[in-house]
Amino acid sequence: MELQGIRMVYPSHSESNSELMSEDEARNFKEKTGIFHRVVYPNSNNPIQDYMEQGCREVIQDLGWEKENIAVLVCITQTSDMAYPSIANRLHGNLELPASCLCFDVNLGCSGYVYGLHLVYSLLASLQPSSAKALLCVGDLSSRFIPPANTGIRALFSDGISVSGIAKTSAKSESWFNLESFGKGAFAIYSKPHEGGAQMEMDGLEVFKYSAQFVPKNIAQLLSFSHSEMDNLDALVCHQANRLINESIRKALKCPEEKCLYSLDLFGNTSSASIPATLVAKLPKQRNDLNLLLSGFGVGFSIASGIITLSSSCKLGVSVRNEN
């Protein structure tokens, strides 16, 4: 399988943490988390389908794909705009994809991108056409579930989605994954009913505890059974939870600072879109093939790590969606 293109789509509106707290508090928060400003969708409606559709159209155009070859469309989000029908099936109609295309949504948060890669790679491998292609949409519009008064959570999260184009190819490219669940930590991050909708709640200490305890072990297991070493990998790209958590993971793995990529300064925490957001923002356009270690972790408590090869020809792009 080959990851051929990634497109990040995020809102044009930004919000500084100095709007939520004093300047001194915002600076201290940045020191701990790496986050000072975030990108947020400013209105009360939920246009996540529109964001994903824009990303899909741009990836199809970037890669010059014929729509009849798109065999899989998976959307991973926790902030769908409606309970049913699925975003994937609605996008299928709008994009005019073939009837043979598999379409469904998955309810996952911060581990969703790596889970999605494993899922899509497996689906493509099971399909007959050698030219089969897939679109993987991930991300959330989280800010609408976090009132400004809840500064400890609001100051972390951004809105945004990404779409990845993945193709079944004859090229030999190995990938490995380690997917785990720790359900006893399910309520480290959760939603509760609030004024006819939902509101995000988070126990930051529990999130740190589960991340620091289990993510390095998950990655170490992955390195072991894939017969890989950190020295032989080009970069470690973790879910952008916050700098304090991610640095604890990096140090536990003895990963050099220069190999650990961050986009917290640009996007904050964009849930399942944070890994692809980091790739499009921090990798140079001109590059060699890269061996990447990706690790997503969070709500569930869910962990998914993977080692993949990102080819030098993979097209990376960022789009700002202008809102009226």
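In helix 4, the buried residues (under 20% relative accessible area, with a 1.4 Å probe and protein chains only) are Gly-112, Tyr-113, Val-114, Tyr-115, Gly-116, Leu-117, Val-120, Tyr-121, Leu-123 and Leu-124. Helices here are DSSP runs of H or I with at least four residues, strands are E runs of at least two, and both are numbered from the N terminus.

This is a predicted model, so local features need pLDDT of at least 70 and side-chain atom pairs need 80 or more, while totals for chains, interfaces and linings use all residues. Residues are numbered from 1 along each chain, and side-chain values use heavy atoms, leaving out hydrogens and water.

## The nonpolar core

A nonpolar core is a set of buried Ala, Val, Leu, Ile, Met, Phe, Trp, Tyr and Cys residues joined through side-chain atoms within 4.5 Å. The largest one has 41 residues, and Leu-3, Tyr-113, Leu-117, Leu-136 and Leu-294 touch the most other members. Helix 4 gives the most to this core, with 8 residues.

Skip the neighbours within four places in sequence, and Leu-117 is in contact (heavy atoms within 4.5 Å) with Leu-136, Ile-166, Phe-177, Leu-294 and Ile-308.

Six strands make an open sheet, ordered 5-4-6-7-1-14, with mixed pairing; two strands pair if DSSP finds at least two bridges between them. Strands 5 (102-106) and 14 (315-321) stand at the edges with a single partner strand each, so one side of each has no neighbour in the sheet.

Helix 4 packs on this sheet, touching strands 1, 4, 5, 6 and 7.

Terms used:
Buried means under 20% relative accessible area, exposed over 50%, partly exposed in between (1.4 Å probe, protein chains only). Axes are lines fitted to C-alpha atoms, for helices over the stretch in contact, and angles run from 0 to 180 degrees between N-to-C directions.
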